[in-house]
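Please go through this structure by question and answer, keeping to what can be read from the coordinates.

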Amino acid sequence: MTITENFWQNLLLGVAAGAAFLLFSAVAFAADVPRLDVAGACRAAGGPDLGIKFDTDRCLKSENEARSQLAAQWTSFPAADRSLCTQTATMGGTASYVELITCLELKREVAKTPADRNLQSRPSSLPSKR
């Protein structure tokens with residue numbers, strides 16, 4: 001084997017190793033619950049402009065409990081649902097683990113529902129067609 005062939009072989013091995021590292025890093029990152037700034041949302045919800053008393057500490061406690069619950073279940077949710085629900089839970093400049101886990105749980109329950117359940121979409125107060 002010549003020096004040139006050895007160089008190209010080592011270069012290809014290095015590129016392959018780098019690509020594998022990036023792939024495994026992305027997978028490991030996707031397996032972690034995202035870090036959300038829930039403190040800002042809890043403070044904003046507790047602002048004096050709302051005219052209601054809101055307990056910021058209780059909000060933070062609820063958000064932290066939801067994050068702990070998410071950490072235990074995160075990898076059990078499909079990656080597509082995790083991505084969509086993370087986007088939904090961070091819309092509008094606020095972020096919420098409670099919204100994130102609610103979205104994921106709803107997506108999971110909807111996925112379990114049989115496609116044809118003979119559900120009707122008309123209001124019950126309307127007469128049926130015969």
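The questions below concern a predicted model.

Q: What pattern does the chain follow, read along the sequence?
A: The predicted chain has 5 helices and 0 strands. Read along the sequence, the pattern is therefore written with helix symbols alone, as helices are runs numbered from the N terminus. That pattern is α-α-α-α-α.

Q: What percentage of the residues of the chain count as buried?
A: A residue counts as buried under 20% relative accessible area. The chain has 130 residues. The share of them that count as buried is 19%.

Q: Why do the buried residues of α4 line one face of the helix?
A: Helix α4 spans residues 79-89, and its buried residues are Asp81, Arg82, Cys85, Thr86 and Ala89. Seen down the axis of α4, these buried residues line one face because they fall within an arc of 130 degrees.

Q: Which exposed residues does α4 carry on the face turned away from its buried side?
A: Exposed means over 50% relative accessible area. On α4, the residues that are exposed on the face turned away from the buried side are Ala80 and Gln87.
That face lies opposite the buried side, and the exposed residues named there are Ala80 and Gln87.

Q: Which residues of α3 and α5 make the contact, and what is the handedness of the crossing?
A: From α3 the contact is made by Ser62, Glu63, Ala66, Arg67, Gln69, Leu70 and Gln73. From α5 it is made by Tyr97, Val98, Leu100, Ile101, Leu104, Glu105 and Arg108. The crossing in which α3 passes α5 is left-handed.

Q: Is Arg58 buried or exposed?
A: Arg58 has its place in helix α3. Its relative accessible area is 61%, and the cut-off for exposed is over 50%. Arg58 is therefore exposed.

Q: What distance separates the C-alpha atoms of Arg58 and Cys42?
A: Arg58 and Cys42 are 16 residues apart along the chain. Their C-alpha atoms are separated by 8.9 Å.

Notes:
Residues are numbered from 1 along each chain as its sequence is written. This is a predicted model: local features need pLDDT of at least 70, side-chain atom pairs count only at pLDDT 80 or more; totals for chains, interfaces and linings use all residues. Side-chain values use heavy atoms; hydrogens and water are left out. Buried means under 20% relative accessible area, exposed over 50%, partly exposed in between (1.4 Å probe, protein chains only). Helices (H or I, at least four residues) and strands (E, at least two) are DSSP runs, numbered from the N terminus. The arc is that of the directions from the helix axis to the C-beta atoms. A crossing is left-handed if the near helix is turned anticlockwise from the far one by less than a right angle, and right-handed if clockwise. Contact means heavy atoms within 4.5 Å.
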